[in-house]
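Look at the structure below and keep it in view while reading. The text goes through its charged pairs and then some of its strands.

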Amino acid sequence: MTVTQRRGRRIMMTQDELDAFLAGQRTCRVATVAADGRPHVSPLWFCWDGTALWLYSLTRSRRWAELRRDPRIAAVVDDGHDYGELRGVELAGEAVIVGEEPRTGVSCPQLDAPERMFAAKYFGLDTMPYDGRHAWLRLVPEAIRSWDFRKIPRG
């Protein structure tokens, strides 16, 4: 994972801040590349394990079809209402499908931790409920950019 920020280093998040922020947020916006080259952005639930963003996506979605054709992806997670409260993270790289499509619960050790985190975060459960319509994408970011406007000195 590479931090590619040249500007805004004063307001970028530390690794601990980034981990806490991503653990506490619920929705990201995922950008994929359509066949004609246009971006396609859609909201999605996720979990962060400290090194990868895990996305639980419908397998019969435009997003899934686009990622099967072109795995390049970017995701933005942001928060804040007033200008001085704005903070967020952009993660970019290639998505990798992990586990079966769609996910039915067949043993997949790579998914043990993400599924526990996801089930607790979104469903308040200890184990993942499967609906036979979703599957997992893993984004190990090649680039991360972050900002936290709360770090901007106030005059």
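A salt bridge is a side-chain nitrogen of Lys or Arg within 4 Å of a carboxyl oxygen of Asp or Glu. Across the whole structure, a search finds 12 salt bridges. This is a predicted model, in which local features need pLDDT of at least 70 and side-chain atom pairs count only at pLDDT 80 or more, while totals for chains, interfaces and linings use all residues. Residues are numbered from 1 along each chain as its sequence is written, and side-chain values use heavy atoms, with hydrogens and water left out.

Begin with arginine 29 and aspartate 78, whose side chains meet in a salt bridge (2.3 Å, N to O). This pair links distant parts of the chain, since arginine 29 is in strand β2 and aspartate 78 is in strand β5 (residues 72–79), 49 residues apart. Strands (E, at least two residues) are DSSP runs, numbered from the N terminus. How accessible is arginine 29? Arginine 29 is partly exposed, with a relative accessible area of 36%, and aspartate 78 is partly exposed at 34%. Here buried means under 20% relative accessible area, exposed over 50%, and partly exposed in between (1.4 Å probe, protein chains only).

Aspartate 79 forms a salt bridge with arginine 87 (3.3 Å, N to O); aspartate 79 is partly exposed, at 33% relative accessibility. Another salt bridge joins the side chains of aspartate 148 and arginine 150 (2.9 Å, N to O). Aspartate 148 is buried, with a relative accessible area of 3%, whereas arginine 150 is partly exposed at 47%. Salt bridges also link Glu100, Arg103 and Glu115 in a network.

Now return to strand β2 (residues 27–33), which runs antiparallel to strand β3 (residues 39–48) and is joined to β3 by 7 bridges. Two strands pair if DSSP finds at least two bridges between them.

Arginine 38 lies in the loop between β2 and β3. Which side does the cut-off put arginine 38 on, buried or exposed? Arginine 38 is exposed, with a relative accessible area of 57%. Not counting residues up to four places away in sequence, arginine 38 touches Thr32 and Val33, where contact means heavy atoms within 4.5 Å.

Strand β3 also runs antiparallel to strand β4 (residues 53–58), with 3 bridges joining the two. Cysteine 47 stands opposite tryptophan 54 in β4. The hairpin of β3 and β4 has 4 residues between the strands, and glycine 50 in the turn has a positive phi of about 100°.
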